[in-house]
Amino acid sequence: MPSAERMTHVDDASTAPHRPAEGGAPARWTVAAIEALFALPFTELMHRAQETHRAHHAPNTVQLSTLLSIKTGGCSEDCGYCPQSKRHEAGVDDEPLLDLGAVTAAARAAKAQGATRFCMGAAWRGPRDRDLAAVLDMVREVKALGLETCATLGMLKDGQAERLKDAGLDYYNHNLDTAPEFYGDVVTTRDYEDRLDTLDRVRGAGINVCCGGIVGMGESRRERAGLIGQLANMDPYPESVPINHLVQVEGTPLHLRLGGESAIDAFEFVRTVAAARITMPTAMVRLSAGRRELGEAVQALCFLAGANSVFYGDKLLTTGNPDVEADRALFAKLGLATGA
Ligand code: SAM
Ligand code: DTB
Ligand code: SF4
């Protein structure tokens, strides 16, 4: 997609997507229209989100993806939120790429616990071809266990997405993280266009796109709406949209800047989930990092707002996640069935 088409600044403040006069083109969401969603009375927004959700998804069902860090720490990039950058002193030790046996054992355990998707994450700017070959074996083995496969390995070069597709990769996760205007405050070693290029490569290879962002990094509401607009106006929009609440890790620049205090009100986080649901009706919206910090009541509001997937398992990549027992108890309390 040419970069001019990637930005959306049509001045329309209604809470509906902008439909161009000529037929055939997809509806585009303006930032103003998404801000207007954020500004709705809370119960109105929840109602709108539920209407959309129920028109496209089985209500009361949550999909479970388990994460595994296959290569941890020592990353060359400077993402201000991330404990795995070698530029930050966040106490994460470098570990080499896991071997195939360790990955398949973790995938088997995830399946036994009820996960339907297994996502392999690596602390790379992007994979070298030699590393990619090892990941392809992991993808094949995980797929053979009957799990959906997902990987998040950083930026992809020409041909790498096709190799992942051939190995059986179902989803590639690559986040836009935030709105273009705020992005430079958080990451300097790769730009927004780099991310969009990788997403184009993933889409072009026929792999499902998993793309979302992080909120609570000190961005404004307009910037949260800008992130949602970038995602919603992709053509097509991502199949899977992770909404992360920043996990502030000591030693990272964002922890230093924000001082460990959440930079976003809980209801504003729920509003972001609802905006993702309303603007991307058929996507799976994943309530991602930060669930431990959000607590059960806010998570329940997120499900009401249209989240229908979570990361499941005691650990995310390097930080904690609600343990499996706590999640099972929560799903039982809320009457949520787990499924694909
Ligand atoms: N290194 C690869 C990359 O950045 O593309 C893949 C792994 S990276 C850890 C995947 C995503 O995790 C990031 O894009 C970011 O959205 C999310 N993430 C990382 N640290 C986080 C944190 N402290 N809180 C919330 N989300 C975080
Ligand atoms: C995504 O959007 N969130 C996940 C996954 N994709 C790879 C990662 C969250 C990482 C949280 C910080 C950590 O555990 O290191
Ligand atoms: Fe590296 Fe990914 Fe962390 Fe950025 S988010 S520092 S690229 S591991």
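Which elements each supply at least two residues of the lining of the largest pocket? They are β1 (61-71) and α3 (100-113), where helices (H or I, at least four residues) and strands (E, at least two) are DSSP runs numbered from the N terminus. This is a predicted model, in which local features need pLDDT of at least 70 and side-chain atom pairs count only at pLDDT 80 or more, while totals for chains, interfaces and linings use all residues; side-chain values use heavy atoms, with hydrogens and water left out. Residues are numbered from 1 along each chain as its sequence is written, and chains are lettered from A and ligands numbered from 1 in the order in which they are written.

**The largest pocket**

- A pocket here is an open set of points on a 1 Å grid over the protein atoms alone, with protein on both sides within 12 Å along at least five of seven lines; a cavity is a set of points where a 1.4 Å probe fits but cannot get out, and lining residues have an atom within 4 Å of a point.
- The largest pocket holds about 290 Å³ of space, a volume being the space filled by probe spheres set on grid points that are joined across faces, edges and corners.
- Its lining has 19 residues, and those closest to the centre are Leu-67, Leu-68, Ser-69, Lys-315 and Leu-316.
- With four residues, β1 gives the most to this lining.
- By class, the lining of the largest pocket has ten nonpolar, six polar and three charged residues; Ala, Val, Leu, Ile, Met, Phe, Trp, Tyr, Cys and Pro count as nonpolar, Asp, Glu, Lys and Arg as charged, and the others, Gly among them, as polar.

**The largest cavity**

- Two cavities of 30 Å³ or more are found in the structure.
- The largest cavity contains about 820 Å³ of space.
- Among the 35 residues lining the largest cavity, Tyr-81, Cys-82, Gln-84, Asn-175 and Leu-317 lie nearest its centre.
- The elements giving two or more residues to that lining are β2 (117-122) and β7 (240-245).
- The lining of the largest cavity is made up of 19 nonpolar, twelve polar and four charged residues.

**Around ligand 1**

- Ligand 1 is surrounded by 16 residues, the closest being Tyr-81, Ala-122, Asn-175, Asp-177 and Val-247; a residue is near a molecule if one of its heavy atoms lies within 4 Å of it.
- A nitrogen atom of ligand 1 lies 3.0 Å from a polar backbone atom of Tyr-81, and a nitrogen atom of ligand 1 is 3.2 Å from a backbone N or O atom of Trp-124.
- On the side-chain side, an N or O atom of Asn-175 is 2.9 Å from an oxygen atom of ligand 1.
- On its own ligand 1 has 550 Å² of accessible area, and the protein covers 91% of it; such areas come from the Shrake-Rupley method with a 1.4 Å probe.
- The shell around ligand 1 has eight nonpolar, six polar and two charged residues.

**Around ligand 2**

- The residues surrounding ligand 2 include Leu-67, Pro-83, Asn-173, Asn-175 and Phe-311.
- Oxygen atoms of ligand 2 lie 2.8 Å from a polar side-chain atom of Asn-244 and 2.6 Å from a polar side-chain atom of Thr-318.
- A polar backbone atom of Leu-317 is 3.0 Å from an oxygen atom of ligand 2.
- Ligand 2 exposes 410 Å² when taken alone, and the protein buries 88% of that.
- Six nonpolar, six polar and no charged residues form the shell around ligand 2.

Methods. Polar contact = N/O pair within 3.5 Å; in protein donor to acceptor, adjacent residues only side chain to side chain.
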